[in-house]
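Q: Please take a close look at one chain of this model, starting with its overall form and working through to individual positions. I would like a connected account, with the cut-offs behind each term.

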Amino acid sequence: MLIKNLRREHILVANWIKKGSRVLDLGCGDGSFLAALRTEKQVSGYGIEIDPANIEACIKNSVNVLQTNLDNGLHDFENDSFDYVVMSQTIQAINKPYEVIDEMLRIGKEVIVTFPNMGHWKCRLQFLMGKMPVTTHLPNTWYSTPNIHMCTVRDFNNLCREKNIDIKSKTFLDTHHNQVIGMQLLPNLLAEIAIYRLNQPLDSQKSDSSFA
Amino acid sequence: MNANQAEKSIGIVIPKTLGFDQPLLLDSGVTLESYEMCYETYGTLNQDKTNAILICHALSGDHHAAGYYDLKDKKPGWWDNCIGPGKPVDTNKFFIVSPNNLGGCGGSTGPLSHNPLSGRSYGPDFPIVTVRDWVESQARLADKLEIESWAAVMGGSLGGMQALQWSIDYPKRIHHAIVIAAAPKLSTQNIAFNEISRQAIMADKDFHEGRYTEHNIVPSHGLKLARMIGHVTYLSDGGLHARFGRERLENNARFGFNVEFEIESYLRYQAESFVERFDANTYLLMTRSLDYFDPAQNNNNDLKLTLAQTSAKFLVISFSSDWRFAPSRSQEIVRALTDCEKDVTYSEIKSEFGHDSFLLPIPDYHRLLHAYLGKI
C-alpha cells in the first residue's frame with residue numbers, strides 16, 4: 001500500500017506525519033493507512049478496531065491491530081506514548097467523544113481528528129425541509145446510523161475553546177475531497193470533511209513539561 | 001473416522017518417542033537424570049527448517065493434537081479442527097511438532113513412568129515441573145529435531161502460557177508467539193479452583209498417597225469430581241444454558257439424587273471418559289504448574305520489563321465469555337507488550353462457549369488464525 005493510493009483525507013494526514021514516528025490509529029479500518037505509513041515513512045504503532053472483518057484485513061496487511069472498544073477508554077496506553085494519535089471519521093460514532101479527545105491528547109504528542117461536518121449546506125437544506133440529513137457521506141437514516149454525535153465545524157471549534165485545546169492547524173475538504181479556497185473561508189458551510197491537528201491544552205501540566 | 005472426516009484431516013498419524021540422557025535440572029531444584037518425550041509431527045519440514053510450529057497443550061491435553069491413530073477411531077486429536085491440510089494451522093505449509101509435556105500421562109516421562117531410582121513407577125515421587133521446565137524440555141526436543149527456531153509457538157490456556165514463556169526464555173528461537181485464552185499468571189480464584197480439584201483427588205480413599213497404581217486402583221471418584229469442577233469453569237453460564245437449559249431425562253421430578261437433569265448426565269459422562277484417559281497424579285502436577293506460572297516474578301513483578309527482552313511478534317486472542325482466563329487477563333499481556341513497543345495483534349473473539357472456546361472451530365477465531373499464519 002502506498003500513500004498516493006489512500007483516500008484524499010488520509011493522504012493529507014500522511015503528509016503531516018514525520019518519518020520514523022509512532023502512530024496510534026483509532027478506528028483504523030483495514031489498516032491501509034498504517035500500512036502505507038510503514039512502507040513509506042517507516043512509521044510504527046498500532047491500529048485500534050472493533051470489527052472482526054477489519055481485524056482480519058489488518059492482519060492481512062501485516063498491521064499491528066488491537067481489538068478494543070473505544071468507548072471503554074484508552075487507559076492501557078501510557079502518557080505521551082505516541083507521536084501522533086489519529087482518528088478518522090470515527091469521533092461521531094463513539095459514546096463519549098468529550099472524554100476520548102482528552103485521552104488522545106494524554107497519549108499522543110499530537111492529535112489528528114477528522115470528522116464529517118454537519119454544518120455543510122446540504123445538511124442544512126435537509127434540516128430546513130424538516131428532515132435529518134442523509135448525504136453521500138452520511139448515508140444512514142436516523143434510525144440506523146452508528147453516528148450518534150454529529151457536530152459542525154463551529155461546534156468543534158467551540159469544544160476546542162472550552163477545553164483550551166491548541167488547534168495547530170485545520171483544513172477542509174468538499175464532496176470530491178478537494179481543498180478549495182472558498183471552503184477554507186466558509187468551512188462550516190462548504191466543507192464536507194474537517195481535519196484538525198490538535199496539541200494539548202496550553203495550560204496543562206503535560207504540555208508544560210514538554211515545553212520545558 | 002468417516003470419509004468426510006478423513007478428507008479434511010491429516011489422516012493417520014503415528015506418535016514418536018525420543019530419549020534424553022542429558023540430565024534436566026528443574027525449577028524445583030530436582031534433577032531428572034533421563035527422560036523420554038513423546039510427540040507427533042504433521043506436515044513436512046522444509047529444507048531451510050523455517051516452517052516449524054510448536055503446539056503446546058493445555059492441562060488435559062497431550063501430543064495427539066491432530067489426525068487419527070486408527071481408521072476406527074471415533075475422535076481425532078484434540079485440535080484437529082485447527083490443524084490439517086487447508087486448516088488455520090496448515091499442514092501443507094507448516095511442519096507441526098506437538099509434544100506431550102513432562103509429567104503428563106500421554107507417553108512422555110511422568111508419574112506413570114518407571115522410576116529407575118526406586119524400581120517402581122514414579123507416582124507421587126515425580127518432581128513438580130513448571131512451564132519453564134517444559135519450555136526447556138521442548139527446546140531440547142527442537143535441538144534433536146534440528147529445528148533452530150520456530151516459525152511460531154502456539155497454544156491455548158496453559159499452552160498459551162508456554163508460548164509466552166518461550167518468547168521470554170528463547171527470544172532468538174521463536175518468531176511468533178500465539179497466546180490464546182491465557183494469562184500472565186493465575187488469579188487467586190483460579191488457584192482456588194485448582195486447590196478444590198486437588199483436594200477432591202487427594203481426599204479419595206483410593207488415592208493412597210499417590211501410590212494408587214501399586215494398589216491396582218485409581219482415585220476415580222476424586223478425579224471425576226476434579227474434572228467436573230474444571231469443566232464447569234471452562235464453560236460459561238450462557239453456554240451451558242443454551243446447550244442444556246433445565247432439560248430433564250424424564251418430565252417429572254423423582255425426588256432423589258440420581259441423574260435427572262441433562263447437565264448432570266453430561267457432567268457425569270464427561271468425567272467418566274476423562275478418568276479412562278487421564279492420570280490423577282498428572283492432574284495434580286499440571287494444576288500446580290499452572291499455579292506457579294508467573295514469569296514476571298523474577299523481574300520485580302514487572303511484566304513490561306519481563307517482556308522487554310522478547311523479540312517475537314505476538315498474536316494474543318481471548319474469548320468474550322471466558323471467565324476463567326478472562327479477556328482482561330489477555331489484555332494485561334497486550335498492555336505490557338505495547339508499553340515496550342512490541343509487535344502485537346490482539347483480538348477478543350465473541351463466543352458463548354467460555355474458556356473451552358479455544359478448542360472450538362469458531363469462524364471468526366479460525367479466520368483470524370488463518371490470516372495470521374498465512375502472513376508468516
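A: The radius of gyration used here is taken over C-alpha atoms, and the rule for a globule is 2.2 Å times the number of residues to the power 0.38. For the 376 residues of chain B, a compact globule would accordingly have a radius of gyration near 21 Å, and the 20 Å of chain B agrees with that. Along the principal axes, the C-alpha atoms of chain B fill a box of roughly 65 × 50 × 50 Å.

The model is predicted, so that local features need a pLDDT of at least 70 and side-chain atom pairs count only at pLDDT 80 or more, whereas totals for chains, interfaces and linings use all residues. Residues are numbered from 1 along each chain as its sequence is written, and chains are lettered from A and ligands numbered from 1 in the order in which they are written. The average pLDDT (the predictor's confidence in each residue, from 0 to 100) of chain B is 96, and 98% of the residues score at least 70. For the model, the scores are ipTM 0.92 and pTM 0.95.

In secondary structure, chain B comes to eleven helices and twelve strands, where helices (H or I, at least four residues) and strands (E, at least two) are DSSP runs numbered from the N terminus. Chain B is divided into domain 1, which covers 3-186 + 294-375, and domain 2, which covers 192-286; such bounds come from an automatic or database domain assignment. Between the C-alpha centres of domain 1 and domain 2 of chain B there are 25 Å. Across the boundary, 24 residues of domain 1 of chain B are in contact with 18 residues of domain 2 of chain B, a contact being a pair of C-beta atoms, placed from the backbone, within 7 Å. The side of domain 1 of chain B that touches domain 2 of chain B has eleven nonpolar, nine polar and four charged residues; in this scheme Ala, Val, Leu, Ile, Met, Phe, Trp, Tyr, Cys and Pro are nonpolar, Asp, Glu, Lys and Arg are charged, and the others, Gly among them, are polar.

Neighbours within four places in sequence aside, the contacts of B:Val153 are B:Leu54, B:Cys56, B:Ala163, B:Trp166, B:Ile174 and B:Ala177.

B:Ser9 lies in the loop between helix H1 (3-8) and strand E1 (16-20) of chain B, and it is buried because 23 other C-beta atoms lie within 10 Å. Beyond four places in sequence, B:Ser9 is in contact with B:Gly67, B:Tyr68, B:Pro76, B:Asp80 and B:Gly84. From B:Ser9 to B:Ser187, 178 residues apart in sequence, the C-alpha to C-alpha distance is 37 Å. B:Phe255, in the loop between helix H6 (237-244) and helix H7 (262-277) of chain B, counts as exposed because it has 6 C-beta neighbours inside 10 Å. Although B:Phe255 is not a glycine, its phi is positive, at about 55°.

Finally, there is the side of the chain that meets its partner: 18 residues of chain B are in contact with 15 residues of chain A. On that side of chain B, the elements giving two or more residues are helix H10 (327-339), strand E12 (344-349) and helix H11 (363-375). H11(B) supplies the largest share, six residues. By class, the residues of chain B that touch chain A divide into six nonpolar, four polar and eight charged.

Terms used. Two residues are in contact if their C-beta atoms, placed from the backbone, lie within 7 Å. A residue is buried if 20 or more other C-beta atoms lie within 10 Å of its own, exposed if 12 or fewer, and partly exposed in between; C-beta atoms are placed from the backbone.
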